[in-house]
Structure formats: structure tokens, C-alpha cells
Amino acid sequence: MAPALCPHVSGILWLACLLPWAPAIVAAGLYELHLITDSPATTGAEVTVTASLVASDNGSLDLPADAHFYRFHWIHSPLLLTGKTEEAFSSSIRAVGSAPGDFPVSVWVTAPDCGMCQPVARSLLVLSITEFIAGNLIVSQNTSLPWPSSYLTKTILKVSFLLHDPSNFFKTASFLYSWDFGDGTQTVTEDPVVYYNYSIMGTVTVKLQVVAEWQQTALHAGEGVVQKTGDFSASLKLQETLRGIQVLGPNQIQTFQKMAVTLNFLGSPPLTVCWHLKPECLPLEEGECHPVSVASTAYNLTHIFRDPGDYCFSIWAENAISKTHQYHRIQVWASSIQPAVFALPCATLITMMLAFIMYMTLRNATHQKDLVENPEPPTGLKCCQMCCGPFLLETPSEYLEVVRENHGLLPPLYKSLKTYTV
């Protein structure tokens with residue numbers, strides 16, 4: 001019997017050993033570890049990491065009432081641990097880094113006195129340690145724009161430096177701030193806050209160098225002055241409110257004359273511009289004109305008036321910040337010299353030239369036709385025909401025929417004789 005009981009006793013003892021681990025095994029996967037830290041930190045300054053045990057489904061599960069039911073295990077090497085605190089379902093450590101770099105810190109939770117048990121939850125983060133001063137450059141303005149890093153010109157800006165020192169590492173340090181506003185202006189202050197008014201438009205970069213000095217008092221480090229620096233910058237997009245439109249152009253003009261108008265926009269581009277001629281100065285309605293994009297602060301437009309009367313240029317412009325309207329009245333007079341006065345002499349001259357060309361063409365064509373149809377013999381030959389005709393011609397009748405062709409109708413050389421019979 002004794003040998004038969006041994007297996008059962010050993011099984012019972014094995015189960016008894018597993019009973020303390022049972023809650024941890026059951027809880028595995030039901031909880032999460034959330035880690036938070038106040039890094040980055042400079043070398044020599046303490047950095048804090050806090051781990052909190054929470055339910056994995058947004059807190060719908062109840063945590064055990066016994067706060068000592070779990071144990072937190074940390075790995076933080078090569079950071080030097082300076083402190084550790086335990087609270088209900090959370091644990092925090094404080095560590096110092098002696099060299100710059102990124103250092104992983106891991107933590108997991110198990111049942112108490114069971115380091116080899118399966119973790120209930122685990123997590124990991126990376127701490128950033130730098131040898132420079134940690135902080136942020138903050139730019140603010142009373143008038144805020146809906147675009148990030150966009151600010152108004154000719155409006156005061158507040159630029160401030162916010163030191164990140166949760167462990168009060170720089171509590172005995174004195175600071176010096178060197179500012180470069182990106183438009184050629186530089187200044188040095190002991191105050192981390194400055195006010196500046198930009199008069200230019202565009203993108204500028206504000207640069208700041210921070211220098212911290214303090215007296216070293218640690219016994220292991222010796223005595224002396226310690227200095228740390230930090231460089232910071234912020235990009236600003238400066239824009240100007242569209243305060244108006246300056247119209248440069250005549251107020252009176254005659255018909256059929258080209259009118260040139262220059263629009264000067266008192267604001268920052270890019271702009272959307274639209275203009276239309278109206279008999280009265282009224283705001284433009286939607287769809288009444290075709291908008292154009294303008295990439296500068298000036299725009300030229302031209303127009304020719306064909307009818308006299310009173311007109312009004314209605315102009316609308318808009319940039320990314322604001323929009324504005326402007327009107328320009330103009331009186332158009334009937335021109336005393338009409339374009340027809342200049343056109344009539346030109347038309348007359350062209351008509352005369354065409355008539356002369358047609359006349360010369362027809363004259364040449366007629367003359368050539370006459371030469372072909374009626375060739376005229378030379379003068380000497382004609383004279384020879386007149387004088388020597390009777391001798392060259394065979395009969396007198398042929399001679400008379402030639403004379404008639406040259407002199408037209410001639411009276412007969414002899415009269416007809418009337419004969420009478422009795």
C-alpha cells in the first residue's frame with residue numbers, strides 16, 4: 001500500500017506547489033503595462049520611468065484587491081539606478097545616464113516570490129539621454145491663424161524658451177540666451193522670453209543658443225564651473241493681412257483709347273484677384289467675374305472703352321488670411337477723332353492704286369491685241385505704196401483699192417457719163 005500511495009502523494013504535492021502560481025497563470029493576457037517617462041534628460045540628470053498595471057480591455061476587469069499580489073521586475077542597465085518606489089499596481093524608478101545615447105528599459109510583472117513564473121504583463125521603452133540642454137522653443141501670438149507655424153507680420157510675437165528639467169538639475173545654474181530672428185536682427189538676453197515684431201513677409205527661422213553655467217559641488221567630481229549648451233530653432237511663416245488695394249490709373253479717358261491700370265495689393269501673396277466693369281460701384285457677386293491667381297503684390301490690367309459713359313471698376317482680392325474690395329470710377333468721353341478719319345484716306349489711296357494697276361494691265365493687253373490683228377507696215381513701205389503703187393500693181397483697179405484702204409472713202413476719179421437716147 002505504501003508504494004501505491006507515493007504517486008498520489010507526489011501529485012498532490014505538485015499541485016500544492018502550483019497553487020500560488022495559479023492566479024498569475026490565469027491573469028496572463030488580461031492586463032497591460034503602461035510606461036511613462038519624463039525623458040529626454042541631459043547627462044547627470046535623473047530621469048523617471050513609471051509602470052502602471054491596467055486591464056487590457058480598457059479597465060472593464062477588476063484588479064485584485066491585494067496590492068502586493070504582483071511584483072515588478074526592471075532592467076535598466078547601463079543606467080545608474082538612484083531610486084525606486086512601489087505603489088498600488090504601479091512602480092517607478094529613477095536613473096541617471098553618464099553618457100549620451102538611447103537606452104532601453106524593460107519591465108514585467110509576476111506573482112510575488114515567483115521570478116520564474118509566466119509574466120502577467122510586460123513592456124519596454126527607450127530613454128533618450130543627451131549631453132545638451134533639453135527644452136522647447138515656443139512661439140505665440142495674440143492673433144492666431146488656422147495654419148500651423150503661421151503668424152502675422154507687423155504684430156508682436158512672443159518667443160520663449162521652456163527648459164525641460166523635471167529633476168531640477170539646473171536649479172543653481174545661470175542662463176544666457178542668444179537670439180537670431182532670421183531677418184538680420186540678433187540679441188542676447190538673460191530672460192528666456194523675448195517679444196519681436198516682424199516687418200517682412202515669407203518664411204524665417206528663429207534660432208536660439210542657450211548656455212547654462214553652475215558651480216560644481218559634488219565631492220566625487222571635484223570643484224569647478226560646469227557649462228552646458230543647447231541649440232534650438234523654429235520655422236515661422238509670416239503673412240500679412242490684405243489691408244487694401246491701391247488702384248493707379250486715369251479717372252477720365254476717351255473712347256478707343258487703351259487704358260492701363262496697376263493694382264497694388266497691401267498684403268502678402270499668393271492672391272486670388274477678380275475684377276469687372278459695372279455702371280455703378282457695387283460688390284461683385286459669385287460667378288460675375290473669372291478669378292485669376294497672382295503671385296506678387298502688383299497686377300496690371302488693360303481695357304479699351306468703345307462707348308462713352310460712367311463706369312466703375314469693381315475689384316475683389318483675397319489671400320490666405322483675409323479679403324477686401326476696392327472700386328475705381330472712370331468717365332469715358334466720346335473721342336473727337338474717330339478711327340474712320342484715319343481709315344478713309346487709307347481706303348482712298350488703296351482704291352486709286354488698284355484702279356491704276358487695272359488700267360495699266362488692260363492697256364497693255366489691248367495694245368498687244370491691236371498689234372497682232374492689225375500690223376501696220378513701216379513708214380517707208382507705206383510711202384512706197386503711195387508713190388510707186390501704179391508701177392508695182394498690175395492694174396489701175398488694184399491701185400485704187402489700196403488708196404481707198406489708206407484714205408477712207410474718196411470721191412471717184414471720173415464721173416459717170418449719162419447717156420440719153422432719143
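This is a predicted model: local features need pLDDT of at least 70, side-chain atom pairs count only at pLDDT 80 or more; totals for chains, interfaces and linings use all residues.
The volume of the largest cavity is about 60 Å³.

The lining of the largest cavity draws on several stretches of the sequence. By residue class, the lining of the largest cavity comprises 7 nonpolar, 3 polar and 2 charged residues.

## Pairing around strand 11

Strand 11 (residues 156-163) is joined to strand 9 (residues 135-140) by 6 bridges, and the two run antiparallel. Within this pairing, Asn 136 has Leu 162 of strand 11 as its bridge partner.

Strand 11 is also joined to strand 14 (residues 193-197), here through 5 bridges and again in an antiparallel arrangement. In this pairing, Ile 156 stands opposite Asn 197 of strand 14. In general, strands of a sheet pair through backbone hydrogen bonds, either parallel or antiparallel.

An open sheet of 5 strands has the order 10-16-15-12-13, with mixed pairing. Strand 10 (150-152) and strand 13 (186-189) each have a single partner strand and therefore stand at the edges, with one side of each left without a neighbour in the sheet. On average, neighbouring strands of this sheet are turned by 30 degrees against each other, direction ignored.

The bridge partner of Trp 179 in strand 13 is Thr 187.

## Largest nonpolar core

The largest nonpolar core holds 26 residues. Those that touch the most other members are Leu 137, Phe 175, Trp 179, Tyr 198, Val 210 and Leu 236. Two or more residues each are given to this core by strand 9, strand 11, strand 12, strand 14, strand 15 (202-216) and strand 16 (224-239). Strand 15 supplies the largest share, 6 residues.

Strands 9, 11 and 14 contribute to the core, and strand 11 pairs with strand 9 and with strand 14. Strands 12, 15 and 16 also contribute to the core, and these strands belong to the open sheet. Trp 179 is both a residue with a bridge partner in strand 13 and one of the core residues that touch the most other members. In soluble globular proteins, nonpolar side chains tend to be buried together.

Technical notes. Residues are numbered from 1 along each chain as its sequence is written. Side-chain values use heavy atoms; hydrogens and water are left out. Two strands pair if DSSP finds at least two bridges between them. Helices (H or I, at least four residues) and strands (E, at least two) are DSSP runs, numbered from the N terminus. On a 1 Å grid over the protein atoms alone, a cavity is a set of points where a 1.4 Å probe fits but cannot get out, and a pocket is an open set with protein on both sides within 12 Å along at least five of seven lines; lining residues have an atom within 4 Å of a point. Grid points are joined across faces, edges and corners, and a volume is the space filled by probe spheres set on the points. Ala, Val, Leu, Ile, Met, Phe, Trp, Tyr, Cys and Pro count as nonpolar, Asp, Glu, Lys and Arg as charged, and the others, Gly among them, as polar. Axes are lines fitted to C-alpha atoms, for helices over the stretch in contact, and angles run from 0 to 180 degrees between N-to-C directions. A nonpolar core is a set of buried Ala, Val, Leu, Ile, Met, Phe, Trp, Tyr and Cys residues joined through side-chain atoms within 4.5 Å. Buried means under 20% relative accessible area, exposed over 50%, partly exposed in between (1.4 Å probe, protein chains only).
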